[in-house]
Amino acid sequence: MSDLLIEDADRVRTITLNRPESFNSFTVALKERLLEVVRETSADDAVRAVVITGAGRAFCAGQDLKEHVALLQAGDPAPLRTVEEHYNPLVEAVVAMPKPVIAAVNGTAAGAGASLAYACDLRVAAASAKFLMAFANVGLTADSGASWTLPRLIGHGRAMEMLLLAEPVGAEEALRTGMVNRVVADGRALPAARELAARLAAGPTTAYAKIKEAMAFSGALSAALEVEARTQAEAGATADHREAVAAFVAKRPARFTGR
C-alpha cells in the first residue's frame with residue numbers, strides 16, 4: 001500500500017499522507033515522495049488548487065521517531081540532514097506553489113506535521129483536531145518553517161508559548177487565534193476543504209499566485225511595495241483580469257482560465 005495517495009477531481013488535487021497506523025508520521029521515504037509530488041503538482045497546469053490531508057485519525061504526527069532513533073543508534077548521519085534535505089525544500093515548495101493549497105486537518109497535527117499545515121494557504125480543521133509543537137520536549141528547536149509561518153499566523157507571543165511550553169492547542173482555540181480558518185464537524189474537514197478548493201480552482205489562479213508571492217515577502221515596506229507593484233502589473237496583464245472586468249461591465253459571472 002502506498003504511503004501517499006493522489007486523487008484529482010474538479011481541477012483539485014488531494015494529496016493524502018497514508019500511514020494511519022503511525023499517525024502519518026514522516027519517514028524518509030514519505031518525505032521524499034511528498035516533495036516529489038508537491039513539485040510535480042506545482043508544474044501541472046491541469047491542477048488549479050491543492051488539498052493536503054492525512055488518512056485515519058491524524059493529519060500528521062511529524063517525524064517518525066522510531067526511524068529517527070534507529071538511524072541515530074546505527075550511526076547514520078541522515079537524521080541530522082533531514083531538515084536541509086527534506087523539510088526545508090518541502091515547505092519552500094508548498095509556500096511557493098503558484099496555486100492555493102489547503103490543509104484539511106482531520107486530526108492531530110504535531111511537529112513537522114503542524115508546520116506543514118502552517119505552510120499551506122488555508123487550514124480547515126475538524127472539531128477534535130489539535131496542534132502541538134513538541135520540539136522542545138525532545139530537545140530540539142523549531143523546523144519545517146514554523147519559526148516563520150507560525151508567528152505570521154498567531155503572533156510572536158503565542159508562537160513562543162506553543163514552542164516553549166509544548167502544550168496542545170484545540171481547534172476552537174486555533175480558530176480564535178487565527179491558526180486555522182474554519183472549524184467543521186469531525187469527518188467534514190476533507191469534504192469542506194475540497195469544496196473550498198473547488199471554489200478557488202474556478203477562480204483567477206494567476207492572480208492567486210501573485211497574491212501568494214506578495215504575501216510571502218518579508219522585508220522593508222519600500223521593498224514590499226515594489227513586490228506589490230510588480231505582481232499587480234503581472235496580474236493586470238492576464239486574460240483573467242480582462243475577463244473579470246468585462247464580466248463586471250456585462251453584469252455576468254466571470255469565466256476564469258488561469259491565464
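These legends accompany several close-up views of the structure above.

The model is predicted: local features need pLDDT of at least 70 and side-chain atom pairs count only at pLDDT 80 or more, while totals for chains, interfaces and linings use all residues. Residues are numbered from 1 along each chain as its sequence is written, and side-chain values use heavy atoms, with hydrogens and water left out.

View 1. Let's begin in helix α11 (residues 239–250), where glutamate 243 sits; helices (H or I, at least four residues) and strands (E, at least two) are DSSP runs numbered from the N terminus. Glutamate 243 is buried at 14% relative accessible area, whereas arginine 252 is partly exposed at 28%. Here buried means under 20%, exposed over 50% and partly exposed in between, using a 1.4 Å probe and protein chains only. The two residues form a salt bridge, with their closest N and O atoms 2.7 Å apart; the term covers a side-chain nitrogen of Lys or Arg within 4 Å of a carboxyl oxygen of Asp or Glu. Beyond its neighbours within four places in sequence, glutamate 243 is in contact with Arg252, Pro253, Ala254 and Arg255 (heavy atoms within 4.5 Å).

View 2. Glutamate 85 and arginine 81 form a salt bridge whose closest N and O atoms are 2.9 Å apart. About one helical turn separates the pair, because they lie 4 residues apart in helix α3 (residues 78–96). Glutamate 85 is partly exposed at 41% relative accessibility, and arginine 81 is partly exposed at 37%.

**View 3. A salt bridge between distant parts of the chain.** Lysine 212 forms a salt bridge with aspartate 121, the closest N and O atoms being 2.9 Å apart. Lysine 212 belongs to helix α9 (residues 205–216) and aspartate 121 to the loop between α4 (112–119) and β7, 91 residues apart. Lysine 212 is buried at 11%, while aspartate 121 is partly exposed at 28%.

**View 4. Strand β7 and its partners.** Strand β7 (residues 122–126) is largely enclosed by the rest of the structure, because 4 of its 5 residues are buried. Strand β5 (residues 101–105) pairs with β7 in the parallel sense over 4 bridges; pairing requires at least two bridges found by DSSP. Alanine 103 has arginine 123 of β7 as its bridge partner. Strand β10 (residues 182–184) also runs parallel to β7, joined by 3 bridges, and here valine 124 stands opposite arginine 182.
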